[in-house]
Structures are given as C-alpha cells and as structure tokens.
Protein chains: 4
Amino acid sequence: MKELLDGLVEKNKALIKYGQVANYIPLLGNADPKDLGVCIIDNLGSIYSSGIYNKKFTIQSISKVIALMLAIMDKGEEEVFKKVGMEPTDEPFNSLYKLDIPYGDKPANPMINAGAIVTTSLINGNGEEKLNRLLEFLRKITGNDTINYNEEVYLSEKTTGNKNRAIAYLLKNKGLIEEKVEDILDIYFKQCSIEMDCQDIAKIGIFLANKGRVLNTGEKLLDNKTNSTIIAIMTTSGMYDFSGEYAVRVGIPSKSGVSGGILASVPNRLGIGVYGPALDQYGNSIAGYGILKDLSEELNLSIFT
Amino acid sequence: MKELLDGLVEKNKALIKYGQVANYIPLLGNADPKDLGVCIIDNLGSIYSSGIYNKKFTIQSISKVIALMLAIMDKGEEEVFKKVGMEPTDEPFNSLYKLDIPYGDKPANPMINAGAIVTTSLINGNGEEKLNRLLEFLRKITGNDTINYNEEVYLSEKTTGNKNRAIAYLLKNKGLIEEKVEDILDIYFKQCSIEMDCQDIAKIGIFLANKGRVLNTGEKLLDNKTNSTIIAIMTTSGMYDFSGEYAVRVGIPSKSGVSGGILASVPNRLGIGVYGPALDQYGNSIAGYGILKDLSEELNLSIFT
Amino acid sequence: MKELLDGLVEKNKALIKYGQVANYIPLLGNADPKDLGVCIIDNLGSIYSSGIYNKKFTIQSISKVIALMLAIMDKGEEEVFKKVGMEPTDEPFNSLYKLDIPYGDKPANPMINAGAIVTTSLINGNGEEKLNRLLEFLRKITGNDTINYNEEVYLSEKTTGNKNRAIAYLLKNKGLIEEKVEDILDIYFKQCSIEMDCQDIAKIGIFLANKGRVLNTGEKLLDNKTNSTIIAIMTTSGMYDFSGEYAVRVGIPSKSGVSGGILASVPNRLGIGVYGPALDQYGNSIAGYGILKDLSEELNLSIFT
Amino acid sequence: MKELLDGLVEKNKALIKYGQVANYIPLLGNADPKDLGVCIIDNLGSIYSSGIYNKKFTIQSISKVIALMLAIMDKGEEEVFKKVGMEPTDEPFNSLYKLDIPYGDKPANPMINAGAIVTTSLINGNGEEKLNRLLEFLRKITGNDTINYNEEVYLSEKTTGNKNRAIAYLLKNKGLIEEKVEDILDIYFKQCSIEMDCQDIAKIGIFLANKGRVLNTGEKLLDNKTNSTIIAIMTTSGMYDFSGEYAVRVGIPSKSGVSGGILASVPNRLGIGVYGPALDQYGNSIAGYGILKDLSEELNLSIFT
C-alpha cells in the first residue's frame, strides 16, 4: 500500500501545474502549490502515508461535514432540514442568487456556504460554545488534542469575507438564522480555520466509514442513520458543482475544502485524507482528485460498483 | 386647477382599499393608509394643492434621484456609469441576484437599491458630509431650510435593513463601493429617512422641469445634460418594475418611494408631488398613481404624445 | 439640414470598424458593413437624405412596431397586454428563460422576440391574411405600393430560426399563442423580411410623430392613445437591452432591427430612418446610433429635455 | 420476502391519497391512482412480487437510463459527456432556462429531458433504427420479446409535447443535436412510450446490479465502467430534483418516470421494479417511494451504510 501511495503521489504531481492556489482568502495564497500528500487508515487501524502528509492546513469547507453532524445530533434531522435542503445544486459553492428569487426558500444543501452557515447556527450553544463543541468533537474523533483553529487565517477570512456576509444577511433577512450575523460568521470563519493534517482527516474518514464509531476508543458518537445521511450528502454534494462527475469518476463519499484538503470515506473500509493546495476550476484539489481517482480504480473503492 | 385636484383626490380615494401600507420597515407601517394629497407647481410659481398635502413623510426611494444628481455633479457621468448601469430591469427594486451570476457586473440602474447604494457611495465627502450635502442640496431646491431626516425611521431601517446589508456586502465583494459597508448604509438609511411634504416634492419636480434651475432663486444647479439624464432614467426606471406600464399609462417622468410619495416632473411645464401610503404590488402609491394617470389624461401631460 | 446630414454620415462612418454585420441569419451576413444612410422627414413633408439611403433592407425587428399597432387596433390594449407585458427587460432580445421559471407568465414586452411572436398571433386574420394586412398597412403609411417581403431572406430565417422555434413552442406550451407554431412563425419570418429603404422608415417615423396620421393623405390610422402607447414602448424597450442608455444618450423613441435599420420618431416634429448594417454588441446599428446621437444633440431632439 | 412485500404494499397504499396522476400527457391521466405493485429479483433469480405488479405501463423517463447505456456503448463516455453534463441540478426535469443563459453550454445531466434528448440523438442509427436498437436491448435484458411501445401514448405525447419541442429546438440552436428536431423527438416520444411491467423493470435493476450481465443468459452487455457510471448518475440525478433527499432517505440508485414507475438497483444484490401512478410534487410515485424507503430500512439496502 505504501508503494502504491508513493507512486500515485509521484504520478499526480504532474497535475499540479494545471491548478492554482486559492487566493480569495489572502493567507491561503501563501500555500505551496507543489505540496501533495495522502494518508489512508483502514478498519484495523493500519495507517499508510505518503508525500507531504503531516503539514497542517485549514480545513475550510471540510468543516461543513462536522458542523452538520453536530447540528443533527443537537436538533435532529427534521429540524435541520426545515432550514436547509438536501438537494445537490449546479450552482457554485458561494452562490446566493437562488435565495433571492421568489421561490427560493432555503439553501440547497449544507455543503454550500449558505447551507453551512445555517447548519453552524443550528449547533447548540452560544458564540464560542459552538466552536468549542466543534473542536472537542474533532479531538475525540481524531484522538488529537492539539487541534485548534488558526488565528491568522481566521482574521484573514473575517476581513475579506464579504460574499459570506452578503449570504448571511440574506439568510437573516429570510429568518433562517437567529444569531446576529457577525456572531455566527465569527464562528463560521473560525470553524473554517481549524487546522489539521492528512492523518487527522483520514481519522474522520474512518470514523464515518465505521458508522460513527471512533476507531481507537470504540466510542460510538453518531447513530447509523445520521452517519448514512452524512455519507449520502457528501456523495451528492460534497465536491461543489463537480459532485456529479466526481461520483462517476471516483465514487467515494468525499468533501473538499479550498485550502486543498479532501476528506474521503469508503463505507466499512477506509478513511482517506488528501492535501494538495493547487485547485481546479471547481475549487477542488487538482492533484488530490487525481490521487483519489487512481486509488478508486486501483482498489475498486467506488460505492457504485 | 384646484377644483380638478380636489376632484381627483376624491375620486382616487376609492383605490386606497386595494392597497397596503409598507410594513417591512416597521415605522412605515404606522402611516395612515387613508391619507392622500397632491401638490402641483407650474412654471410661473403658482402652487395648487389638495387633500393631505402638507403632512411630512420620509421620501425613501425618491432620495435616489437626488443622490444621482449629486453623484453625477461630483464624479461626472462617465465615472458614475462605470459602476452602475442605466438599463431598466424587470426585477424588483430590492433584487440582488443579477449581481451574483457570472455575467452580472454592476447594478442595472440607480433606481434600484443596489444601484442607489453605489450612487450614494459616489457622492463626494466622508460619512456625514455626504448626508449634509444631500440635505443642503434639497434645502436649496425647495427653499425649505427645515428639511432633515427622521431619526426614528432611520433607526427602524437600520435595525431591519438586512436585505440592504446583503446587497451592500455583495457590492463590496465586487469592488463597487469603497467605504465600509455599515458606513455607507448608515448614510443610505438616513437619506431614505429624509422628511418632506407634497409641496417640497413638487419643488423638486419643477426644478427638474426647468432643467435644473431653482424656481424662486433662478439659480442653475444642474447642467442641461445631467438634468435630461435624470429625467430619462426616471422615465425608464423610476417606478420599479412597473416603469414600462407607467410610461404607457401616465407618461410623466416620475420616481416613487415605499412610504407612498411620488415625485413627478413634466418637462418645461410642471412639478408634482403626491402622497398616499397605501401601495400596490409594485410598491407604488396606488391612489397616487391614479391621480397622476388622471392628471396626465386631463392635462395632456404625457411626454409620449 | 442636408449639409448637417452629410457631415454626420461622414463622421460616423468612423464607427463602422467597431461593429459587425449580423450573421446568425445567413443572408444578412451578405450586407455591406460600409453602408450608411439616413433620411429625415419633417412635419411639412420636406425630405432630407444622405449616404446610402435608398438601398432596400429587411426591416427585421422594426416590424414588431407595426405588428403591435395592428394587434392593438384589432384586439384592443386590454386584450393584447393580457398576453404580453409592457416592462423593459435587461435580458437580450432573443431570451426565453424568464418564460421557463415558475413566476414567468408572459413575455416582458412586445419588442423582444417572444413578445413579438405573441403580438403577431394577435393580429386578426388567418395565415397570409395577417401578412397581407401588415403589408397593406405599411403601404398606406409610406405611400409606397411596392413594399413586400424578400423571399430569400424569409427562407433563410425559416431555415435557421431554431431559437425562435424554441421560443414559440414555449409560448404554445404556456397557451399564449393559438395558431400552430410553424404557421405563426411563417408569418413572423415573412414580417421580419419585409424590405424598405430609409425613406420608407422615415415615413413610419413621421406617421408616429403625427399621432398616427399619414403625412401625404391626412388619413388618421391610429387613435392618439394607441400612438402614444407605441411611442412609450419604443422609448422604454425599443433598442434591446441598450434601451435605457439610448434614452439617456439620444432620447428619441426608436426601434432597431438586426439588419441595421433604425426607425426613430420625434413626437410632433420628425420621422427618421437610418441604415447601417454594422452592429454593436446589443444588435443596434453602431454608426446609425452615432448619427442619431449627434442629431439629437444638434437639433435638441430628446424628449427628456 | 413475499410477506414483507405484501405488507409494504398494503401500508403504503395510505400515501396514494396525497398524490396525483400525471395529466400533462393526456393518456397518462387515465391511469388508476389506486394501483400499486412491486417486484424484486435477487442475484439467484428468485422473483418476489406483490400488488398490481403485472400491469403494463409506459416507462417514460426510465427510458433515459437505457438510452444512456446505448449512447455510451455507441459513442464512448468522452463523446457523450461533451454534449451532456453529469451534474445533478436543483431545477425541474423539464427545465430549459439554463440552456438559455450565457454560461449554459449543455444540459446538466442525462436524466433531465434536455439531457435525455441529447442522449437519444447520440445512439447510433437513423430514425427507427435507434428505437429498434433500444427495443432489442430491452428485450435482451429482460428476456421479454413482447416489449414494444404504446402507439396511443406515443401519439398523445407527440401531440402535446410542446415543452419538449422548445427544449429540442434550443438544443438544435446550440448545435447539440444533429438530426431534425421532429425526427429526434419522434424517437424520444416513442422511447418514453415503451411499455413494461414491474417484473421487466426489476430485470433491468438486477442487470445493473450484476454489472451489466443478463441474469438468465449470463451475457455481459455493459462493461463495468459504463455500468458504474449509470449507477452513479442514477444516484445523483435519477429522482428529479428530489434526488438528494432520496439518497438520504432511501439510498438505492433509482430512476423514476411520470407514469409512476421506479427502477431501482441495489449493487450486487437486487433489482426492483415499482409501479404506482399517483405522483408527488417532484413527479415521483408517492407510494412507490414509500415502498422503497421501507424496503431500504427493512433490508438495509442503502449504499450509504
């Protein structure tokens, strides 16, 4: 497996030159586009890594998956999906226009920004409590007590996040969030700035693959239904407006972030974390996608076969 | 003329029951829907009034016309129309979705909220200076030194104006406004809360009818080109997404506000101010529209005949 | 006047190189982009021409104005505007998407293709009768009995008009046209292929300027209300999604066609016909627009001054 | 299993009263809303049926899956997905507006009408050949040589299919189909009118579950990659703009038709055919969805667990 990973990292580095590091959050622009790493954890706890797998990066949109878990645990599916849909959309992740048209009543799904802001608002707790619960939850899943958010990236997002502000005020205007807009955005920006490495991400992947059970401790944190809801939504909407093609080409429930991370979970089998900050036009790691595509073919990982 | 006006006020009161007072700004909801008044000023300075013509109301979107005058005087047409279009739109006044789609580069025109926020931002001066210049300009045009904004309405708009905040953050995100969003919105909400009565409004109407010359003092404040630009934009876009039908039915360059005021200007002939807070589905005074339609027919005022 | 026109034709030829001849109807692509001509007729019947003013061209969208006259004469404004709106739109002339969204119930206005197809369908008469009545009406207005449609252009439009077919089937699906789609399109394509020269067009202009009275015969064909409805709609929607800026820059009620013709009518004063097949990005004659802009400034023709 | 099915049919009949039979194709309106049936075939060829499982119905949109198989077999994935996307959309199945906006270059996916018309056009063969190949393919998969299309339903669709005509002319206008529009629609309407019963549908389901191998004959008709592409697209886009929620609630790759049929395929395990013509607001069989949801829970069929 280690050799396979080494080979795939090497091979897919060739894709990096076709991608670009995200620059709309200034600090993300400092990432090294040549970085590429992967970590895989199997059901028995074996860990395989290759490339730049232990560099920390901010998880960005990958945090939407964690926020959704907590929101469902706290409020139940019925309550959550009254305020955010479950339908994949062919609009970009930061689109808001469908909230503005007469028949647009709620965000399409929790994997686009508008939906994720609603999800975060549905987590129990005031202000920092939400964030602390998110962090605690992640530390439990990964067994990594050092997980925290990056203050600099958070401040960079806060300073430049005007599109997200527009989205949040629109949600406020529609009665879909109750907190003050700046308060909920503060948590949202911090949650996006949580730092992890590929191994941490792979731990989330194996946690979901094991139906919400922590690999090391055996602790069951998610009930089966919630776990499969998360997996289904990652499959239909996890890779932005490339989710449909990704399902065809890779077929592994996944969620990407604009910092270049990808969380992937092969039900009952594997957790995978990938990092490669050079992005394609959809905002997905271009070489990370390459690795996952190759892995899926080599190991026959697609849930559609 | 006085008799004609009395008759038209009486006749058009019958329309009030089909309209509704605006309630999305809470304080506007306190207006008396039964109010209806009109004031006409002709070229020689004769003033004719009828109904509830001397009750003050906040001018709301009528202020967009004044802001556009100042922005053009300060920055020139070329600069202004780089950041806001001149095209009428069939979308509602508070629509923002066209700013969010890939080919949406600037607000359609200065008479919708998105465009008006840009216009206000283009007025010279920092913070309160913009507002003071707007107030001074209005006092000069109307000869009424008491004109000011209503603090309560301003605060009500500020508290509830989340759709406008969404719009402004989207404009900020697109680089169309330079000030801090809350700063520019503060001026925008104050400008919307400026109070006038029908006679003040009619004075603006006759000022525009006289190509930007103040009736009483003879002072020329707008050059001819700017004046006709204002008149043209009022004609194509002044009555929200009813502007086209209004051109057919009334044919007088006009601008309405959701408080129920309508500013109308018959080039070279008359200035008209109308007040009637019961609105139709487009946000225009329902009985005020009736009066203007009748006046246009009785006095042959349409610019299209 | 003749000298003025000669000068403006000469001056505005410089714009031609920035435009392009329409090519989506193959036969229109054969036009000579260097052609530029203008004809003006005043209230007393004086005719002034310059440049290539007596070359025939197909009137294309200019025919929408004529069809609207007949439809209103035949069915009355109320009936007509139940099925087509009067609102200017910021969408292109051949847009159909607003008919497909849940709240899209009818075409925005009779100057876009969707609206014009409805208008044509509202003209009394079956099949060729509609066309013959259109031709008779035009012959009466212009005093030119040779006016007819160009068979070749008609066939070219019929062969390639799939976007218009899509529009018409959508209208059919929404119950907005009653005839068979191919039958109504046949008339529509023929109507667009009617040939005229600048003088014929100017005759339509002076007819509208004179409130629907034929200049030579004195015959009154349109009542005043219908005439001013036409003038208003030309003003707000006549120049495609450039109508707003055209109102500001020119201020003359006008209608353009993709063959490069522009019909302009200065109420109570002048009729103008322009021909210049090189088009700008909106589909309007680029040099024709230049001539009209200059004429408006030189002779103070804007209805907004 | 038989008892389970009997119970689920009985239980889910209660949902029928909340649904409605499709009526936009007149003949479909004649279906009996109280009908409800299901057939399941497992890997060993065991067949379990319950309710009205052997009544024939036209497969409508289920045919899109078959057409996609043939198109990929004939042209290859690369060629096919140049002209139709793979992205799920939150627009209705008969939406066309995204083809009309400037950045809309091809239909979102092969499961909406616009995409399916393109797919059909990509099947090798002229006119009736396409249809005959579709029929032959279905007969092979199901082992049922009597499969054919229903002439009456076909004619009913042909007569009333103006929305599909609008879509097809738009596709033609964009160069996405090569045949004459009426020719390709003729095949499309016939393909939608192919008649099957629940058992035939279940045979398609088990064919896909077995990676494209015919159960009875062992013949391999689809390569593994194509089969998993079909399964992935059914999962993300098979249930109209309810596909996302269906993935969460049921989690079985499926495709529904407006006649009330649902094709479902549990990879490596089961093929399922359901029939229940009373539809929910998305156009899916309301009680059929209920049966599949219950089955998924009872037998743990979701691919996301």
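How many residues does the contact take from chain A and from chain D? It takes 33 residues from chain A and 33 residues from chain D, where contact means heavy atoms within 4.5 Å.

This is a predicted model, in which local features need pLDDT of at least 70 and side-chain atom pairs count only at pLDDT 80 or more, while totals for chains, interfaces and linings use all residues. Residues are numbered from 1 along each chain as its sequence is written, chains are lettered from A and ligands numbered from 1 in the order in which they are written, and side-chain values use heavy atoms, with hydrogens and water left out.

**View 1. The interface of chain A and chain D.**
Chain A and chain D bury about 2800 Å² between them, with 58% of it on carbon and sulfur atoms. Buried area is the accessible area (1.4 Å probe) that two parts lose on being put together, summed over both. A:Glu87, A:Val248 and A:Phe304 supply 23% of the area that chain A buries against chain D, more than any other three residues.

A:Arg249 forms a salt bridge with D:Glu77, and their closest N and O atoms are 3.3 Å apart. Between chain A and chain D, 13 residue pairs are in polar contact (both at pLDDT 80 or more). A polar contact is a pair of N or O atoms within 3.5 Å; within protein, one must be able to donate a hydrogen and the other to accept it, and residues adjacent in sequence count only if both atoms are side-chain atoms.

**View 2. The side of chain A that touches chain D.**
Helices α9 and α10 (243-249) of chain A each supply at least two residues of this side. Helices (H or I, at least four residues) and strands (E, at least two) are DSSP runs, numbered from the N terminus. The most comes from α9(A), with eight residues. By class, the side of chain A that touches chain D has 14 nonpolar, nine polar and ten charged residues. Ala, Val, Leu, Ile, Met, Phe, Trp, Tyr, Cys and Pro count as nonpolar, Asp, Glu, Lys and Arg as charged, and the others, Gly among them, as polar.

**View 3. The axis between chain A and chain D.**
The same surface serves both copies, as 100% of the contact residues of chain A recur in chain D.

**View 4. The interface of chain B and chain A.**
Here 15 residues of chain B are in contact with 15 residues of chain A. The area buried between chain B and chain A is about 1300 Å², and carbon and sulfur atoms give 65% of this. B:Asp100, B:Asn162 and B:Tyr169 supply 41% of the area that chain B buries against chain A, more than any other three residues. Helix α6 (residues 162-173) of chain B gives the most to the side of chain B that touches chain A, with eight residues. The residues of this side divide into six nonpolar, four polar and five charged.

**View 5. Domain 1 and domain 2 of chain A.**
Chain A is divided into domain 1 (2-60 + 196-298) and domain 2 (61-192), with bounds that come from an automatic or database domain assignment. The C-alpha centres of the two domains lie 20 Å apart. The area buried between them is about 3200 Å², of which carbon and sulfur atoms give 71%. Across this interface the rule finds one salt bridge. A:Glu219 forms a salt bridge with A:Lys140, with the closest N and O atoms 3.8 Å apart.

Definitions and conventions: Salt bridge = Lys/Arg side-chain N within 4 Å of Asp/Glu carboxyl O.
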